[in-house]
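Subject: Structure handover

Hello,

Here is the structure for your files.

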Amino acid sequence: MIETIDQIFVLLKHWLVGFLPAGLQPVASVLVSVVAIIAVFPSLFAIAVWMERKGLGRMQNRIGPNRVGPFGLFQPIADGIKSLTKEDIVPLRADAVVHFMAPVVLVVVVFMGIAVLPMGRNMTLVHMDSGLLFFFAMGASTELSVFMAGWSSRNKYSLLGAMRGVAQMISYEVPLLMSSVAVVMMTGSLSLGKIVEAQNQYTWGLPHWYIFTPWGLAAFLMYAIAATAETNRSPFDLPEGESELVAGYFTEYSGFKFALFFLGEYVGMLSISGLGTTLFLGGWSAPFSFLGWVPSWFWFFSKVMLSICVFIWIRGTLPRLRQDQLMNFAWKFVLPFTLFDLLVAALWRFMGDGWARWVVCSVILLLAYALMGGVGMYRKHFRVRSYRYAE
Amino acid sequence: MLGEGILKGLAETAKNFVGSFVSAERLTTVQYPEQRIAPIEATRDFPFLVYDGADWEAGMRCVACQICEKECPPKCIYIVKSIDKKPDALGKPQFYPARFDIDISVCMSCQICVEVCPFEAIKMDTEFELSRTDRFGGLLFDREELAKSNEHYHKIHPTEAAQVDARLAGEKAKSDAKAKGAALAAAAKAAAAAKPAVSTENAAAKPEGAEIKP
Amino acid sequence: MSFVFYAIAALTVAGGLAAVLLKNTVHCALALTVAFAGLALMFLELDAQFAGFAQILVYIGAVAILVVFAILLTRNAETPKDGVYSRNWLAGLVIAAGVFAVLGWAVLQSVRVLPHETTTPTVTVLDIGNALMGRYVLPLEIVALLLTAALIGAVIVAMHEKERAK
């Protein structure tokens, strides 16, 4: 029974595909999985938007949307219908082809990244030997879409937003990759399925998730920072800083194309949370061994939604960074610390089992954190500010 | 250490998040169409024309002097002066506005028309639910839509209305006294002309005029 | 030589041609990206997952963006009035033909020299890693050194510019 509930989606798919002739079955199987992903993630997107609006409201002592449906639950549907029925405006001097392609590229690439995430036991769309690399390859392609959107709009705000976005995404992609490399080093595989399997073990009922090791925690923190920047979320939302750039690179998008950008952004957030879950939070494995009877997909999706909640919490808390602060933070703190964490991970690996490595690695990382935080993020003492105006 | 401030901030937002569920005084939102809070006394949005008595056309204080029309910064007032004269509240024959239009969509609620009016005829209203399906004609208010009774004025701005009434009563008393003085002088003159009956008739007619004012 | 191969090859060549022939420089860069993507697909079609994804990650994710940045940050991003074709197109054609001939000759030579394999070898990421860290560790380190030198050079160039700006 437990097994059946755990595998219910897999069984459902087999049952559905079973109706077709044997020749069509592989194609149909892929199609069913793709349709499932395309159905599930946009609905999660709708829930995430609702959660964000409600949660941010509560953090600012507001109620949030509460008019459409119970507790405003149908608000995303209303928003969707609104954006579908709105006029699609393309600026007269815009580069029509590139302008059209940009949201398409974004959504396609973002959805492709999801394909390699193990969403439960036996629930990966594509089993890949180098799944992690695939994910990052797709993630890197979103930069192109940002650039295309910003450049083709022929709008200064769009272009500035795109430049900011691309510069930021390139800068933070390095620490994002580097923090995952630590996990790859430990597991000895780029396959996300194997990474989850490696974490799906228990000692005294507690899981072997990588976040519960000193190097894993450090890598996870750096991953979270880089992921926030990669998805252009607050406090790294400079590319769409509405107080300066209207809406950044999608200023000139309206109607359904704007909705696609919105969707792409949130699905990107979901997928990067999914990857973080897979790498550090044990993927679909249960947090305690006695909870093993709960279906694996439940754990995966609840971990992802929990990460979304943290994203929202951070958005409700932190103000936007300045461009130079953003770059300094990436190159002077996040990247060096991630590289250092790689060394510590190697040390952890070669120190063998025992309590000694816990103490040594924790102390080294704490010291490094304090030191790098102190030196790299050292703020000059405030002087009288001088302003340079444009002549 | 790096990140301390972030943790503090996170704690603060978490406190707000939980607090908005627990304590009612944190959640200050008024759910407008269902819940309303009484407007404060100084609330103002658009002007209206005050009239005395029951009939708006007869009791309108406006004498079409057109000062407000000239002073209005966005020029949203349009007045057509009447040709004939009608008796006003004091019984004195006055011009009256044959047309008095205010374009609410242009008005910027500056209250200058109220400041300049020498007759206390135009005052600021508190009505704000003014949405109309017709955005041009619907927001162009004519005399009838603008006319509101003095009772209404008392209801929305009690203190101010009381002051205005006191001032008007004072003016009235003064003009009455003047009229009386003039009448007395006339009566004295008439008496000198040896016809005492006229003065008593005049004195009896006076209180009636004062009664019109509430 | 399947249909998929021809489709991908057509895409790659079309992308490459567009990169050369289009008037707008940014369009050229985007067309170049299409060519890169075609190349990545070619790798994937040959079951070389690692090479394919690395191609996407490095070329689309970094190189294309760098090209685009270079175009946008330099002043003369507009198309020159007298067309995009160089006056020395004949010399260019000769050089290109020469390079093509050498490459073609090398490929044809290797077909004759290499033993003909009937089964496609399965190369995992692990094998690539082992090869890079074992047999090819020296070239890898040299490349790393070269890239570091380039990085330092870029920083120094940027620093000089800053001083001049002052």
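Two residues are in contact if their C-beta atoms, placed from the backbone, lie within 7 Å. The model is predicted: local features need pLDDT of at least 70, side-chain atom pairs count only at pLDDT 80 or more, and totals for chains, interfaces and linings use all residues. Residues are numbered from 1 along each chain as its sequence is written, with chains lettered from A and ligands numbered from 1 in the order in which they are written.

Chains A and B: 14 residues of chain A are in contact with 13 residues of chain B. The chain B side consists of six nonpolar, six polar and one charged residue (Ala, Val, Leu, Ile, Met, Phe, Trp, Tyr, Cys and Pro count as nonpolar; Asp, Glu, Lys and Arg as charged; the others, Gly among them, as polar).

Chains A and C: 18 residues of chain A and 16 residues of chain C form the contact. On the chain A side, α6 (131-152) and α7 (156-187) each supply at least two residues (helices are DSSP runs of H or I, at least four residues, numbered from the N terminus). The largest share, eleven residues, comes from α6(A). This side has 14 nonpolar, two polar and two charged residues.

Helix pair in chain A: α3 (residues 25-59) and α12 (residues 296-317) pack with their axes 9 Å apart, at an angle of about 40° (axes are lines fitted to C-alpha atoms over the stretch in contact, and angles run from 0 to 180 degrees between N-to-C directions). The angle makes α3(A) oblique to α12(A), a class left over once angles under 35 degrees count as roughly parallel, over 145 as roughly antiparallel and 65 to 115 as roughly perpendicular. Residues in this contact include Met51(A) and Leu56(A) of α3(A) and Ile308(A) and Ile312(A) of α12(A). By class, the contact has seven nonpolar, two polar and two charged residues.

Regards
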